[in-house]
Each structure stands twice: as structure tokens, then as C-alpha cells.
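Hi,

Here is the structure I promised to pass on.

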Amino acid sequence: MSEPQTSTPAAGAATEEAPVQATAAADAPSAQAVGGRSFLPKSTLLRHLVLVLLAVVGAVVLLEITDPFTNSQLAQLSYYAIAAGGLTVLTGLNGQISLGHGALMAVGAYTTALFLQADDPPPLAVILLVSVLTATVVGAVVGVAAARLHGPYLAGATLALAVGLPGLAIYYHDTLGGEQGLRVRAPQPPDVFKDFIDWVSGNPATGTKWLAYVGAICLIITYFLLANLVRSRIGRTWRAVRDQDVAAELAGINLGAWRVLAFTVSAAAAGLAGGVLALVIRLAAPSGFTLVLSLALLTAIVLGGLGSLLGALLGSALLVFLPPFVTDLGVDLGLNNTEAAQLAPFVYGVVLIVAMIFAPAGFVGTIRLRWLTYRAKQRAAAARAASGG
């Protein structure tokens, strides 16, 4: 397979002439790019570093002012958002529909679980890095096999991955635990973490809080790397392949190589998400990586806005926080626990339908479209006033 080739001006022009769709709304330039004021640096890298710093401060404050149950929910949010961010690159940015990301998360989760079963496991950062590399290799193999598939054919191929790959745990039950899965021995918080928590807030440095911090760190690092990719020449080439694949190929872009690259990057994020998931729920079992997980990730990026990392984060938050909120609300309204639990997926479905009707570009995409429309009207009014004067 030849090396990916960079985008040429012709491919860039093809991308700019693509019709405005949901993904185009999420790809819209920032206020600074369209002439608005911004207090952030002009450099993309510096701007993202400032946002990382703000995210770190916000994560510390949020984790320290919330109770242990909310800490566990935020840890759950972290692995959903990491996987959804990777899927955003693949589906929203490159236009490939994947229903197999739950299986790629399983690769990362089982890798993490196997390493933590050792009597003297490696450092946690090394374990998560190996989980990422393992999922990356699997994603690259699947990406090469599916590089020439599009639309429903690609969805069908990744669907087979989602259904078949977790079944390997049952076949190799002696190593992977079969139906019961592998219990994960989450590492204890290090002393430096306990000292940090004592210095920041004086709250107990529990295992739940430690895993929530691990998830938050992984999430921030992942989104920093993905955000720089999205705004780089690589991201522009992915958008060219997505919007005008014929024009991109005529411009010299190797479509297959760039699609494989997108699948590989997305698989790496899924592997990290799987590793964090194994740590948070302390279990790696086939029942946790069914097709439902893959569909949930796809739903999250559609609700938030295809092609938007912020949208992936918002969609993941909806997945995590809406069901327990609806369940508690149902109990308060007089329903029993079973009825309240059944109400949650119904309300989630209603939210999805309403969002598709009134915000077809997703939450972030719709807001950006309306903002750009408002700015265009302002500029048109200013131009008319200037010409009339």
C-alpha cells in the first residue's frame, strides 16, 4: 500500500464546494477564522494547549466538588467520550460508517485485563499504551480489509466485527475467561496522587476518584491529539475524501490509504477507551461489548454533531447522565424501579427522534449553522448599508 499523499489545491477546492450538510456544519470555521473576536492565541497548537489547561482545571474542580457516585459517572463518561471522539474522526470526518467500535474497545479492555492479572504488572501508563497499540494493529487490519467498502457494505463488515470478535473470549475461555470474562484488578492510587488531592481539597483519595482522574487525563490527551489532527493537513485531506472522493482521487490522493489511516486512528482511540472501561467497571466480559455499545457510540456522535469533538463529548454525556436522571424522575413520579428503568430508553429514543427532526445536524452542528447564518446576514446588511451610503 502506498503512503498517504497530501492534499492538493484542487482537492481543497473540491472540499470547499461540497454542499452544506451535518458534517459540514461541524467543520465550520471558528469565530476567529471568520473574522470574529477571540481571546485565544492564533496558533492552533497554542490555542489547543490553552484549552487543555482550562480542561485540566475544570476537571479537577468538577471531580473535587462532586460525590463518589458522580465521580464514577464522570469516569464512565470518559471512556464513552474517548471512543466517540475516535468514531467522529472515522464517520464524521472521513465519512466511513462503523458498527464495530465496541469490538475494538473489547481489544483494549482485554489487553488491559490480561496485563493487570500479572503478579507484578507494568505501570498503568504502559498497560494503556500497549492496549492502544494492540487495538491500532487490529484496526489497521480491519481498515485494509474494508478500505474498498462504502456505505451499507462497510457498515455490514464492521457489524460482523462487532458480533464476531467478542465471541473469541468464549472460544478461548481458558485465557479470556469465557462468558464470565476477566476480573480486573485496578491499581491502587499512588502516593503522589494522594498528596495532590490532599493539597488541592483535603478530600479522601479513593479508588473511584483515582480512576475518574485516569479517565479524565486520557480523555484530555486524546481530544488534544484528535483536535490537532482535525485542524491539520491530514484532517483537510480526510474531509476531501469524504466530500468529493472522485475529485480527491483525480487530485492524486490515495483514497484507500487515507481511509485506512482514519480507521487506524479511530481504532487507537477505541483501544484506549476499552482500557479505561476495564479499569472503571473492573471487568472485561463479552456482555459488555455487544452491538448495543457500538450503536450507542454512533448515536452519541449523531446527536452531538457529526465531525465535532465537542459534539461527541455532549452526545456521550447524554448517554451517561440521561438514563439515571429519567429513572430517578420516574421513581419520584410514583413508578416502581422496574417501570422507571424501562422509561429511560423510551425517553432516550424520544430525544433522538426530536433531535433528528429539529436539529438534523446535531446539537453542535445546528448551533454553528445558525451562528454562521446570523453572521452572514449581518455582513450582508453591513454591505448593503455601505453601498447605499
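**What I found**

The protein has 18 helices and two strands; helices (H or I, at least four residues) and strands (E, at least two) are DSSP runs, numbered from the N terminus. Bear in mind that this is a predicted model, where local features need pLDDT of at least 70, side-chain atom pairs count only at pLDDT 80 or more, and totals for chains, interfaces and linings use all residues. Residues are numbered from 1 along each chain as its sequence is written, and side-chain values use heavy atoms, with hydrogens and water left out.

Of the 389 residues, 46% are buried (buried means under 20% relative accessible area, exposed over 50%, partly exposed in between, with a 1.4 Å probe and protein chains only). The protein exposes about 19200 Å², and carbon and sulfur atoms supply 67% of that (Shrake-Rupley method, 1.4 Å probe; for residues, only the protein chains shown count as cover). Among contacts between residues at least 6 apart in sequence, 77% join residues at least 24 apart; contact means heavy atoms within 4.5 Å.

Now to H14, residues 255-281. Its 27 residues should span 39 Å at 1.5 Å a residue, and the end C-alpha atoms are 39 Å apart, which agrees (the expected span is 1.5 Å times one less than the number of residues). H14 is mostly covered, with 24 of its 27 residues buried. Asn-254 caps the N-terminal end: a side-chain oxygen lies 3.3 Å from the backbone nitrogen of Gly-256. The phi of Arg-282 is near 60°, a positive value in a residue other than glycine, and Arg-282 is partly exposed at 37% relative accessible area.

There are three salt bridges, meaning a side-chain nitrogen of Lys or Arg within 4 Å of a carboxyl oxygen of Asp or Glu:

- Glu-64 pairs with Lys-209, the closest N and O atoms being 3.1 Å apart. Glu-64 is in helix H3 and Lys-209 in helix H11, so the pair ties together parts that are 145 residues apart in sequence. Glu-64 counts as buried at 11% relative accessibility, and Lys-209 is buried at 5%.
- Arg-242 meets Asp-243 at 2.7 Å, N to O. Arg-242 is buried, with a relative accessible area of 16%.
- Arg-259 meets Asp-245 at 3.9 Å, N to O. This pair links Arg-259 in helix H14 to Asp-245 in helix H13 (residues 245-250), 14 residues apart. Arg-259 is buried at 9%, whereas Asp-245 is partly exposed at 30%.

Arg-259 turns up again around Gln-96. Leaving aside neighbours within four places in sequence, Gln-96 is in contact with residues including Arg-259, Ala-262 and Phe-263. Gln-96 sits in the loop between helix H4 (68-93) and helix H5 (101-116), yet counts as buried at 5% relative accessibility. A polar contact of 2.6 Å joins its side chain to that of Asn-94 (N or O atoms within 3.5 Å, one able to donate a hydrogen and the other to accept it within protein; residues adjacent in sequence count only if both atoms are side-chain atoms).

Back in H3, the buried residues are Arg-47, His-48, Ala-59, Val-60, Leu-63 and Glu-64. Their cover includes H4, helix H10 (191-200) and helix H11 (207-230).

Cheers
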